[in-house]
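I opened the notebook to look up a few points in this structure. The entries follow in the order in which I made them.

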Amino acid sequence: MSPFSRRDLLKAGTTLTAALALNPLTGCSDPEPSDVTELDVKFVTMMLAGYKVRLRTYGGTIPGPTLKTKPCAQLAIRIRNELPPYDSSAWHHGLKGLPEMAHMNVPHMLNTTNLHVHGLEVVPHLFEPVGTSDPSSQMIAIDPGQDKLYTFTLPEDHPTGLYWYHPHHHGSTAVQVQNGMAGALIVEGAIDQVPEIAAAQQHVIAIQDIGLFESAKEPGLWSYDPQQNAIYSTGTGKSFIKDAQGNDKEPVDSGFSTGDFPLRLFLVNGQPVFQETHNPVPPQPNQQPKPIGSQLDDGPRYTLRPGEVVRFRMLNGCSDNLIPLVVEGHTMQLIAMDGVNFTAPRPRPYVPDAVDGQEQVLLAPGGRAEFLIKASSTPGIYRIRQLAQSQQFLESAGKILAEIEISGEPMDMALPTSLPEPKRHYPLIRPDEVQNHRSITFDMMYPAEMNKVVGIDFGINGEMYDETAVPIEVKLGAVEEWTIQDNGHAHGGSAEGHPFHIHTNSFEVISIGDKPVEPGTLHDTVWVPHNTPVRIRIRFKEWTGKIVFHCHIIPHEDSGMMQNLMLRP
Ligand SMILES: [Cu+2]
C-alpha cells in the first residue's frame, strides 16, 4: 500500500480521535495545502562571464529560486517542462548491437526532466507513481510540453537545514545539471531558534559548474546541448556521433562529456568566479588532465564587523567538482553537514597555506556544509577558497569562491555551545543494532567493454544501471552497515574518488579508511576517496518504495554508476 493511500484512508476515517488522526508516516496531522511553487523548465539565453550562453534553467535563473519549507509542512512544486522536443530517435534506432544495459546508460532524452529533492527524508519520488514498490516501474518522465505537481509532507522529526533540488531523469540528469538546473531548499525549524544563530546574518552560497561548447552554426553562442549519441573526447578535444561499437561516425560541435569541457564556468550564486578551458596539450603518462584555469572574479563579498558572527550555508551543486574548503584566517564552527546539524559546533581551525587534506570541511559534489564564522578582530579581506585537489579524473585548481570583508566598529557576538538534537537520527545507531553488512563498489572500466558509445563502463557491484533491476532489497526498519569503495580501478579507470549518495534516508559516517569519524556525522552524500573504504550505518525508516543510490559525479551516474534499492514493508 502506498503512503498516500494510507493517508487517504486516515483522512476518510470519521470516527478517529484527534490523536489518531496523526499521519503514521509523518507524525503530522494533515497539513494545510501549501502554495504551489511553479518551476518552469526552459531555455534562456544570457551573458555569463562575457560569453553568450543558452542554457536549460528553472524559471530562467541560475541557480533556481531558493525554496523554504519546514517539518509537517506540505511542499508543493509543479514542474512545467517548456523545453522544445529533443530528437532521441538515433538512440532507439542507431545503437543496434549495444547490450540493453549499456543502451540505457547512453545519455538520451535530454529535454525530458523530473524532480529530486536531494536529502529530504520524504516519500520516494523518482519512479512512477510516487511511492511505488513496483520493481518494473520507470523513472518519472516529464516530457516537453508536460507538467507534474509534486507534493511532499516532511515528517514531524525532519532535520532542519540546507537541502537542494535538481532533475534526476536517467539519461538527462548530467546535461541538465551542467546547464545550471539546481536550487537550494531550506528546511526551517529548530536550528534557526538557537539564539546565537538567530542573531547572525545568514547567507546561502550555491556553487555550480556549467559545461559549455561553442556552436559551429552560431559562433559566439555557448551551450551544452549535444545531439543524440554525440560524445566528446577529453583526449582529442573533439566530438563525434558514435555507433554502437564506439566508432566515430560524424564530427559534431558538441558531445556528452564524462568530465572535461571546452569551457567550464564555476558560478557562486549565479555569478561566474572561475573558468576552465580544455587543455589541448596531452597529459604526460600517469598524469591527470589539467584544464587551463583562471579566476574571473572573487565572488560575492560579505561585510562583517570585527567580532560579528555570520552563518554560511554552502551547497556544492557542482556536477563534478569536489571542494576542499577553507575560510582564511578564521576558525570554522561547523554546525551541520547535508542538512543534519551536530549537537554542538565543531571548531575547525584554519591552517595557513593549507593544501588538500588540510581543509576545514570537505564538500562532496551534492553535499552541503553549514558553518558559523566569528569575524576576526583584525579588519581586512579574507577569502573563502576551494583548495586545489587532484582526487578526480581532472585536476581541480584552487579557486576563490567568496570574500569576507571585516570593517567597522568591533562587536562581540556569542557562538552557541550546544545545538538541538536532530530527533530523527537520535539516539544514534548502536553497533549491536546492525543486522546486515553490505559491500558497495564503484566500478570503472576503460576502455569500455559494454558501453562503447560513452567509452567507459561505469557501474556498481559489477553492474551498470538497469532501471527495472532491483539488486538490493531492505526491510523497513532494518539497520545496515555498508562499506563503500572503488574497485581500485584495476580495469583501467582513473585513480579517482566518487561521492556516494542514497535517497530517502540519511546515514551516519562511521569511518573513512582507518580513521574513525566523530559520532553524529550524518550525511546523504559522502566523498569516497580512491582506494579508501568508507563505512556508513543506515536505518531504513518510515518510507517504503523503490529508490536509488549512486555516484554523485553526475556524468558517472548518467552513464551507469547507479543502482536501485527496494524498501519493503
Ligand atoms: Cu563516480
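Which residue in strand 7 does Val-117 stand opposite? I found Tyr-165 there. The model is a predicted one: local features need pLDDT of at least 70, side-chain atom pairs count only at pLDDT 80 or more, and totals for chains, interfaces and linings use all residues. Residues are numbered from 1 along each chain as its sequence is written, and side-chain values use heavy atoms, with hydrogens and water left out.

**Sheet.** I then looked up the pairing of strand 5 with strand 7 (residues 162-166), which is antiparallel over three bridges. Two strands count as paired if DSSP finds at least two bridges between them. Strands themselves are DSSP runs of E with at least two residues, helices are runs of H or I with at least four, and both are numbered from the N terminus. Both strands belong to an open sheet of four strands, ordered 3-8-7-5, with mixed pairing. Strand 3 (67-69) and strand 5 (116-118) are its edge strands, each pairing on one side only. On average, neighbouring strands of this sheet are turned by 25° against each other, direction ignored; the axes are lines fitted to C-alpha atoms, and angles run from 0 to 180 degrees between N-to-C directions.

**Copper.** I listed the donors of the copper ion: His-498 (ND1), Cys-551 (SG) and His-556 (ND1), at 2.0 to 2.1 Å. Donors are N, O and S atoms within 2.8 Å of the metal (3.2 Å for Na, K and Ca); water is not among the atoms, so the site may look incomplete. The spacing of the donor residues in sequence is H-x52-C-x4-H. His-498 lies in strand 30 (residues 498-502) and Cys-551 in strand 36 (residues 545-551), 53 residues apart, so I noted the pair as a link between distant parts of the chain. I found both His-498 and Cys-551 buried, where buried means under 20% relative accessible area, exposed over 50%, and partly exposed in between (1.4 Å probe, protein chains only).

**Pro-345.** I placed Pro-345 in strand 21 (residues 340-348). Pro-345 is buried, with a relative accessible area of 14%. Leaving aside neighbours within four places in sequence, its contacts (heavy atoms within 4.5 Å) include Gln-333, Ile-335, Pro-416 and Leu-419.

**Whole chain.** I counted six helices and 37 strands in the protein chain. Of its 569 residues, 59% are buried. The C-alpha atoms fill a box of roughly 65 × 65 × 45 Å along the principal axes.
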